[in-house]
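Have a look at the structure first.

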Amino acid sequence: MRRDGSFFERIELTGDYGEYCIDLLVRSQRQGWRVVEVPYLCVERQSGQSKTGVNVMDYIRRGRHYVTTIGRLTMHHRP
């Protein structure tokens with residue numbers, strides 16, 4: 001993310017949980033922004049519970065939203 005804030009002036013976050021990440025990555029690349037991976041260390045939670053899911057049905061529900069987001073982005077892509 002740019003330090004001067006210009007990135008979020010041009011791209012509005014949409015979606016919930018993981019959908020916003022999928023949407024953000026696709027739309028930012030389409031607008032010509034350079035997307036890079038920044039490594040991080042994932043550690044076990046000290047408290048709380050994952051919002052993505054705690055059982056198979058939760059993952060299926062969330063996954064449905066991810067697929068819908070990808071479909072929407074694909075349908076609205078204008079090369």
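This is a predicted model: local features need pLDDT of at least 70, side-chain atom pairs count only at pLDDT 80 or more; totals for chains, interfaces and linings use all residues.

What follows covers the overall fold, the salt bridges, a surface patch and the cysteines.

## Ground rules

Residues are numbered from 1 along each chain as its sequence is written, and side-chain values use heavy atoms, with hydrogens and water left out.

## The overall picture

The protein chain has three helices and zero strands, running α-α-α from the N terminus on. Helices here are DSSP runs of H or I with at least four residues, strands are E runs of at least two, and both are numbered from the N terminus. Helix H1 covers residues 6-10, while helix H2 spans residues 19-30 and helix H3 residues 56-75.

Of the chain's 79 residues, 18% count as buried. On the scale used, buried means under 20% relative accessible area, exposed means over 50%, and partly exposed is in between (1.4 Å probe, protein chains only). The accessible surface comes to about 7,100 Å², and 55% of that belongs to carbon and sulfur atoms; these areas come from the Shrake-Rupley method with a 1.4 Å probe, and for residues only the protein chains shown count as cover. As for contacts (heavy atoms within 4.5 Å), take those between residues at least 6 apart in sequence: 45% of them join residues at least 24 apart.

How many salt bridges does the structure hold? There are four, with a salt bridge defined as a side-chain nitrogen of Lys or Arg within 4 Å of a carboxyl oxygen of Asp or Glu.

One of them pairs Arg 62 with Glu 19, with 2.6 Å between the closest N and O atoms. Arg 62 belongs to helix H3 and Glu 19 to helix H2, so this pair ties together parts that are 43 residues apart in sequence. Arg 62 is buried at 11% relative accessible area, and Glu 19 is buried too, at 7%.

Asp 23 sits in helix H2 and is buried, with a relative accessible area of 0%. Which residues does Asp 23 touch, not counting those up to four places away in sequence? The list is Glu 12, Thr 14, Thr 69, Arg 72 and Leu 73.

Asp 23 also takes part in a salt bridge with Arg 27, where the closest N and O atoms are 2.6 Å apart. The two residues are four apart in helix H2, so about one helical turn separates them. Arg 27 is partly exposed at 21% relative accessibility.

Then there is Arg 72, which forms a salt bridge with Asp 23 at 3.0 Å between the closest N and O atoms. Through shared partners, the salt bridges join Asp 23, Arg 27 and Arg 72 into one network. The C-alpha atoms of Arg 72 and Asp 23 are separated by 9.3 Å. Arg 72 is partly exposed at 36%, and, leaving aside neighbours within four places in sequence, Arg 72 is in contact with Thr 14 and Asp 23.

## A nonpolar patch

On the surface, Phe 8, Leu 13 and Tyr 20 make up a nonpolar patch with about 310 Å² of accessible area together. Patches are built from residues with over 30% relative accessible area and no salt bridge, joining like charges within 9 Å and nonpolar side chains (Val, Leu, Ile, Met, Phe, Trp, Tyr) within 5 Å. Phe 8 lies in helix H1 and is partly exposed, at 45% relative accessible area.

## Cysteines

A disulfide is taken as a pair of cysteine sulfur atoms within 2.5 Å, and by this rule the count is zero. Cys 21 is partly exposed at 35% relative accessibility, whereas Cys 42 is exposed, with a relative accessible area of 64%.
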